Amino acid sequence: MWRISLSAGYRSFGCRIVGPKGLWGSHVVRTCSTPAIPAGRITALQAVDLWKNHFAERGVMEPEHSGLYIIAHLLGAKTIESLEQGKLSEFLSPEKTEQMWKLCSRRLSRMPVQYVIEEWDFRDLTLKMRPPVFIPRPETEELVELVLTDLKMKPRTGVGADAQHTCLEVGCGSGAISLSLLKSLPQLKVTALDQSQDAVDLTGENALRLGLQDRLQVHHLDVMKDAETVLSLCRHISALVSNPPYLFSEDMATLEPEIFRFEDHAALDGGKDGLKVIKQILTLAPQILSNHGRVYLEVDPRHPPLIRRWVEANVQEMRYVETRHDITGRPRFCILRREKSNKDHKLDPGLRN
């Protein structure tokens, strides 16, 4: 998977995070016509160069890499580097030329490349992608690593030696987190939830393609509206992991067109302070987790001190363990642990709706 330093700015076709869960900038798109398909034959590199110029004129971010990813996909490779060099100088067939124009026209509309080519790599998985399901970001791979490290190092306590770890993911999207955990931990069982039926369907489809469906349960549930159902399904969980909607509502209008126009706003908008869903997750966590079970959250860099203070004041059974930084040095991940034995914990009425 193509990786570029976050410090370089906008990357990964509308999906590289340089601030909170998205890219900042106007979502106004300049109009520009699609170029006509050449009458004569054209090589792969000529097609990329033509589209690079047209993308740049249209204001499409990463104009060259957009075309390179699309042509690599059409020629059966994941990246341009993995193609035989000679293939780029070969003439495209009329069918490939038509497909190139069709896919690049979608990119011209500011559709993210992940949706254009309908797949993307996350860790060592290739996942199907389609709008409006949230596209997994590279930083979320770091969240998966945190969870894997803890689960591998910490066997279940108070149960048999062969007991399985269980995990709950809130907001599964394409299934990137859940499926990565399942592939890395053969004994793990995962329950995944999402408020979007599109996300639930895509997670199920990706699980089936990867042969991981037997250890995964996926439910169409909203933790904000279906709290009691969530509690009835999920008990004695080893780890609760989530990359929840955490953008501040006021920041939604500043997202790049790739995000604003194509991705599910419900997977992005975390309310006035970005903490609406996070607070609900942490309120439910004591009833869901086993003793010393952990919560792993990906959050806005402004959130960790706010979450620590809120938990200390509102959820006695949860202890804030630590904040971890992402590859760019931003405070991005919060880890919390359940401290006390199971007991009834009243839901905040204000969080039910």
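Reply: The model is a predicted one. Under the cavity criterion, it contains three cavities of 30 Å³ or more.

Me: What makes a space a cavity, and how much space lies in the largest cavity?

Reply: A cavity is a set of points where a 1.4 Å probe fits but cannot get out. The largest cavity holds about 120 Å³ of space. Its lining comprises 11 residues, and the closest to the centre are Tyr69, Lys78, Ile117, Glu119 and Trp120.

Me: Which elements supply at least two residues each of that lining, and how is the lining divided by class?

Reply: Helix α2 (63–74) and strand β1 each supply at least two residues. The largest share, three residues, comes from β1. By class, the lining of the largest cavity divides into five nonpolar, three polar and three charged residues.

Me: What is the hand of the crossing of α1 and α2, and which residues make the contact?

Reply: α1 passes α2 in a right-handed crossing. On the α1 side the contact is made by Ala44, Val48, Lys52, Phe55 and Ala56, and on the α2 side by Pro63, Glu64, Ser66, Gly67, Leu68 and Ile71. By class, the contact of α1 with α2 has seven nonpolar, two polar and two charged residues.

Me: How is the crossing of α10 and α11 handed, and what residues form the contact?

Reply: The crossing of α11 by α10 is right-handed. Ile278, Lys279, Leu282 and Thr283 of α10 meet His303, Ile307, Trp310 and Val311 of α11. This contact has five nonpolar, two polar and one charged residues.

Me: How do α5 and α6 cross, and which residues are in contact?

Reply: The axes of α5 and α6 come within 10 Å and cross at roughly 40 degrees. Their crossing is right-handed. The contact is made by Thr140, Leu143, Val144, Val147, Leu148 and Lys152 of α5 and by Ile177, Ser180, Leu181 and Ser184 of α6. Six nonpolar, three polar and one charged residues make up this contact by class.

Me: What makes a space a pocket, and how much space lies in the largest pocket?

Reply: A pocket is an open set of points with protein on both sides within 12 Å along at least five of seven lines. The largest pocket contains about 540 Å³ of space. It is lined by 38 residues, of which the closest to its centre are Gly171, Gln195, Pro245, Ala266 and Ala267. β3 (166–170), α6 (176–184), β4 (189–194) and α10 each supply at least two lining residues. By class, the lining has 19 nonpolar, 10 polar and nine charged residues.

Me: What kind of peptide bond joins Pro131 and Pro132, and where is Pro132 placed?

Reply: The bond is cis, with omega about 5 degrees. Pro132 is in the loop between β2 (125–128) and α5 (138–153).

Notes. Residues numbered from 1 in each chain as written. Predicted model: local features only at pLDDT ≥ 70, side-chain atom pairs only at ≥ 80, totals over all residues. Heavy atoms only, no water. Left-handed = near helix turned anticlockwise from the far one by under 90°. Helix = DSSP H or I, 4+ residues; strand = E, 2+ residues; numbered from the N terminus. Contact = heavy atoms within 4.5 Å. Nonpolar A, V, L, I, M, F, W, Y, C, P; charged D, E, K, R; others polar. 1 Å grid on protein atoms, 1.4 Å probe; cavity = no way out; pocket = protein on both sides within 12 Å on 5 of 7 lines; lining within 4 Å. Points joined across faces, edges and corners; volume = space filled by probe spheres on them. Axes fitted to C-alpha atoms, helices over the stretch in contact; angles between N-to-C directions.
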